[in-house]
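Biologist: I would like to learn how to read a model like this one, feature by feature. Could we start with the ligand contacts and work outwards?

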Amino acid sequence: MASEIEISPSLLAADFSRLGEDVKAVEEAGADSLHLDLMDGRYVPNLSFGPPVVEAVRKHTALPFDAHLMTEEPESYIEALAPHCRTMWVHPEACKHVHRVLQAIRGAGMRSGVALNPGTPPDALLYLGTVLDSVLIMSVNPGFGGQEFLPEVLPKITQVAELATLFDHPVEIAVDGGVTAETAPRVVEAGATTLIAGSAVFKNPDGLKAAVEELRGAARMAGARWA
Ligand code: DX5
Ligand code: ZN
């Protein structure tokens with residue numbers, strides 16, 4: 001029997017005028033972790049929030065924090081994020097020396113992760129197996145919440161899950177962008193172990209608890225072949 005799929009709501013879709021209340025509510029709704037999208041307006045054409053906001057919301061929940069760096073030179077945020085975050089994903093295109101950055105993330109006590117854009121091939125992961133704990137596969141182009149899921153990413157999820165079996169330690173396969181109760185079964189069937197969802201959780205008209213349960217139900221329905 002496959003282990004449970006992790007449900008990770010993205011703070012980007014929360015109400016920015018009441019983040020403290022929203023993170024508390026999403027924890028009570030049964031989320032497993034909180035996804036944090038840091039954007040610098042350079043790597044992606046949008047600005048979101050930085051380490052001071054991460055530090056502020058840290059006080060309102062015990063959920064593990066997983067930071068997705070959509071910034072140039074993401075290594076410059078390692079020190080500020082390490083006390084608060086469990087995972088830090090970086091985009092290889094934003095790093096001059098991605099292997100060294102992953103080593104530094106682990107050295108700071110976090111799980112190291114690589115994020116792959118829809119157009120980035122899984123080959124980017126080759127030779128990183130010894131320094132890599134998690135892969136985030138983007139199923140939309142990075143920068144904005146609420147975009148439509150790109151089904152052409154599904155075969156890549158399976159390729160990455162297969163590649164990860166060659167590593168000598170477990171690797172998380174997280175999928176980010178347009179994940180809903182409708183798309184989740186295909187994502188899990190393809191090999192995802194973690195579902196990241198912004199709009200489908202925070203903007204669900206049925207509320208946060210129903211949203212988390214819907215995603216969990218959809219994931220269970222699919223079964224997790226690779227978990
Ligand atoms: C997009 C971010 C995602 C975003 C997902 O650049 O990386 O984490 O919050 O939002 P939805 O689930 O609305 O596509
Ligand atoms: Zn993200």
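Modeller: Happy to. A polar contact is a pair of N or O atoms within 3.5 Å; within protein, one of them must be able to donate a hydrogen and the other to accept it, and residues adjacent in sequence count only if both atoms are side-chain atoms. Here, a polar side-chain atom of histidine 35 sits 3.3 Å from an oxygen atom of ligand 1. Before going on, note that this is a predicted model, in which local features need pLDDT of at least 70 and side-chain atom pairs count only at pLDDT 80 or more, while totals for chains, interfaces and linings use all residues. Residues are numbered from 1 along each chain as its sequence is written, chains are lettered from A and ligands numbered from 1 in the order in which they are written, and side-chain values use heavy atoms, with hydrogens and water left out.

Biologist: Which polar atom of glycine 143 is 2.8 Å from an oxygen atom of ligand 1, backbone or side chain?

Modeller: For glycine 143 it is a polar backbone atom. Serine 199 instead brings a polar side-chain atom, 2.5 Å from an oxygen atom of ligand 1. The protein buries 98% of the 380 Å² that ligand 1 exposes when taken alone; such accessible areas come from the Shrake-Rupley method with a 1.4 Å probe, and for residues only the protein chains shown count as cover.

Biologist: How many residues are around ligand 1, and which come nearest?

Modeller: A residue is near a molecule or strand if one of its heavy atoms lies within 4 Å of it. There are 19 residues around ligand 1, and Asp37, Gly143, Asp176, Gly198 and Ser199 come nearest. By type, the shell divides into seven nonpolar, ten polar and two charged residues (nonpolar: Ala, Val, Leu, Ile, Met, Phe, Trp, Tyr, Cys and Pro; charged: Asp, Glu, Lys and Arg; polar: the others, Gly among them).

Biologist: And which strand gives the most to that shell?

Modeller: Helices (H or I, at least four residues) and strands (E, at least two) are DSSP runs, numbered from the N terminus. Strand 2 gives the most, with three residues, and strand 2 and strand 3 each supply at least two.

Biologist: Let's turn to the metal. What are the protein donors of the zinc ion (ligand 2)?

Modeller: Donors are N, O and S atoms within 2.8 Å of the metal (3.2 Å for Na, K and Ca); water is not among the atoms, so sites may look incomplete. The zinc ion (ligand 2) has His35 (NE2), Asp37 (OD), His68 (ND1) and Asp176 (OD) as its protein donors, 2.0 to 2.3 Å away. Along the sequence their spacing reads H-x1-D-x30-H-x107-D. Histidine 35 in strand 2 (residues 34–39) and histidine 68 in strand 3 (residues 65–70) are 33 residues apart, a pair that links distant parts of the chain.

Biologist: What geometry does the site of the zinc ion (ligand 2) have?

Modeller: Four donors count as tetrahedral if all angles lie between 85 and 135 degrees; four count as square planar and six as octahedral if opposite donors are over 155 degrees apart and all others between 65 and 115; anything else is irregular. The site of the zinc ion (ligand 2) is octahedral, its six donor atoms making angles of 71 to 169 degrees.

Biologist: Is histidine 35 buried or exposed?

Modeller: Buried means under 20% relative accessible area, exposed over 50%, and partly exposed in between (1.4 Å probe, protein chains only). Histidine 35 is buried because its relative accessibility is 0%, and histidine 68 is buried at 0% too.

Biologist: Where is threonine 183 found?

Modeller: In the loop between strand 7 (172–176) and helix 6 (184–190). A polar atom of the threonine 183 side chain lies 3.0 Å from the backbone oxygen of glycine 178, and threonine 183 is buried, since its relative accessibility is 10%.
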